[in-house]
Amino acid sequence: MTETKISSPKRILIDTDPGIDDSAAILLALASPELQVEGLSIVHGNCSVDQGVRNALAVLELAQATEIAVARGCELPLVQPSLLAPETHGQTGLGYAQLPPPRTKPLAQHACDFLIDRILSAPGEITIVAIGPLTNLALALRKEPRLAAAIKELFIMGGAIRHEGNTTPLAEFNTYVDPHATHIVFHSGIPTTLVPLDVTYQCILTEAHLQELEKIPSPIPAFLRQATRFYMEFHDRYQAIRGCVINDPLALALTFQPDLCDYETLYVDVDISGGVCMGKTFADFYRISGKPANLRVALGVRAEAFLDLFVQRIAALSQKLLSKEVK
Ligand code: BDR
Ligand code: CA
C-alpha cells in the first residue's frame, strides 16, 4: 500500500489592521488546513489599534478560534502622522457588521515583542503574512536585528507597481500610511513576496459570491455580508467597482497556493522623500539601477481560481461550525 505523505501545516503569524478584508483573510487562514495560525499581531491602519484588537478578538470568537493569541501593537506610524480609513472600512473597521463585544483579552505583551519571541523561538520555521501598515514588523526588526534571518518567509499585501494608487494617485494604503516602515522591511533581507494592487484589484468579491455563501445559514456568511455591504458601497462610490476588492485574502492564499500568481523577482523600493510620490512603490524592471533584486513581486493572477478557492474555503468553515453547533 502506498502511504500518502501529509506535510505538516505551515506555521504563520498574521500582522493585521482588521479591517474588512483583513477579517476575511483571518477567516480564510482558519479555513485552510495547510496553515497553522500561531497568532495575530495588531497594528494601526484601517482603524485604531485598540479597535483592531477588539475586531480581531471578535472575529476569532465568531470562528470559534479564541485559542489563537492576539497581541496589541503600534498605534502610530514611525514618522508620519496617523491615517485611518473609516471611509473604506467604517467607523469600527468592520463596515455594517456588528459582532458581540469579545469575551477574550489580548496578551499583555506588545506585538513587537510577541513577534520577536515567537520567531526567535523557532528560527526558520515561521512565515509572516503582513496585511496592514508595516510599523510592527519594522520596529521589531530595529529592536531585534536577528529577527530578519529567523523569519522563514514574508508575504506583504501592499504597494502598487504598475497600478494606480488607492490612497494617493500613486500610493497604496499600507505603504503610504507607514512608508518609513515599508522602507525598513523592503531592505531587511527577509525572503519576501509583495502582493500589490496590480494583482489584488483583479480579485473582486461580488453579490453572486455572497449569495453562494449565504446558502449556509451560519454567522460567518452573515458577517461577511454586513461587512462587505459597506466595503462595496465604498468601491461603487469612489472607484466605480461593482463588488469589493479582497486584497488581504489573496496575500494569505499565496502562502499555501503560490501558483495563483505569476511573479517577477525585482529590485523594489518605496519613496520616502515626502513629495507627491510619498509611499509610492516602484520596481526596476530594466535593471537600470544595478541594485540586486530584493522582492518577489506578484504581477499576474488567476483571479477566478482564487475567488473560487475563497468561497469554497469559507463555505467549508461555515459548514463545519454549523455542524458543531447542531451536535
Ligand atoms: C490595503 O489597505 C486596506 O484598506 C486593506 O485592508 C488592505 O490591506 C489595500 O490597499
Ligand atoms: Ca489590511
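The points below take up the ligand site, then the salt bridges, and then some individual residues and backbone features.

1. The model is a predicted one, and the remarks that follow should be read with that in mind. Every distance, angle and accessibility quoted here is computed from the predicted model.

2. Which residues come closest to ligand 1? The shell around ligand 1 consists of 13 residues, and the closest of them are D21, D22, N166, E172 and D248. Helix 1 (20–30), helix 7 (173–177) and helix 12 (247–253) are the elements that each contribute two or more residues to this shell.

3. D21 places a polar side-chain atom 2.5 Å from an oxygen atom of ligand 1, while for D22 the distance from a polar side-chain atom to an oxygen atom of the ligand is 2.9 Å. H89 also takes part, with an N or O atom of its side chain 2.9 Å from an oxygen atom of ligand 1. Taken on its own, ligand 1 has 280 Å² of accessible area, and the protein covers 97% of that area. The space that ligand 1 takes up is the largest pocket.

4. How many salt bridges does a search of the whole structure find? The search returns 13, and a network of salt bridges among them links R11, E38 and E125. Three further pairs are described in the next points.

5. D50 and R72 form a salt bridge through their side chains, with an N to O distance of 2.7 Å. This pair connects distant parts of the chain, since D50 belongs to helix 2 (residues 49–62) and R72 to strand 3 (residues 70–72), 22 residues apart. Both partners are partly exposed, D50 having a relative accessible area of 39% and R72 one of 27%.

6. The salt bridge between E61 and R103 has its closest N and O atoms 2.9 Å apart. Because E61 lies in helix 2 whereas R103 lies in the loop between helix 3 (86–89) and helix 4 (111–120), the pair ties together parts that are 42 residues apart in sequence. Are these two partners buried or exposed? E61 is buried, at a relative accessible area of 18%, which falls under the 20% limit for that class, whereas R103 is exposed, at 72%.

7. R302 and D262 make up another salt bridge, in which the closest N and O atoms are 3.0 Å apart. R302 is located in the loop between strand 12 (295–301) and helix 13 (303–326), and D262 in strand 9 (residues 261–266), so that this pair ties together parts 40 residues apart in sequence. R302 is partly exposed, with a relative accessible area of 38%, and D262 likewise counts as partly exposed, with 40% relative accessibility.

8. S41, a residue of strand 2 (residues 35–42), counts as buried, with a relative accessibility of 1%. The side chain of S41 is in polar contact with the side chain of D15, at a distance of 2.6 Å.

9. Most residues other than glycine have a negative phi, and most peptide bonds are trans. The peptide bond joining P18 and G19 is cis, with omega about -10°, and G19 lies in the loop between strand 1 (10–16) and helix 1.

10. Where does the backbone show a positive phi in a residue other than glycine? Q64 is one such residue, with phi near 55°; Q64 is found in the loop between helix 2 and strand 3 and counts as partly exposed, at 33% relative accessibility. A240 is another, with phi also near 55°; A240 lies in the loop between helix 11 (219–239) and strand 8 (244–245) and counts as exposed, at 66% relative accessibility.

11. P191 is situated in the loop between helix 8 (179–186) and strand 6 (192–195), and with a relative accessibility of 43% it counts as partly exposed. The C-alpha atoms of P191 and F155 are separated by 8.7 Å, although the two residues are 36 residues apart along the chain.

Notes
Residues numbered from 1 in each chain as written. Chains lettered and ligands numbered in written order. Predicted model: local features only at pLDDT ≥ 70, side-chain atom pairs only at ≥ 80, totals over all residues. Heavy atoms only, no water. Salt bridge = Lys/Arg side-chain N within 4 Å of Asp/Glu carboxyl O. Helix = DSSP H or I, 4+ residues; strand = E, 2+ residues; numbered from the N terminus. Buried < 20%, exposed > 50% of the residue type's maximum accessible area, 1.4 Å probe, protein only. Near = heavy atom within 4 Å. Polar contact = N/O pair within 3.5 Å; in protein donor to acceptor, adjacent residues only side chain to side chain. Areas by Shrake-Rupley, 256 points an atom, 1.4 Å probe, with all protein chains shown as cover. 1 Å grid on protein atoms, 1.4 Å probe; cavity = no way out; pocket = protein on both sides within 12 Å on 5 of 7 lines; lining within 4 Å. Sits in = over half its atoms within 2 Å of the grid points.
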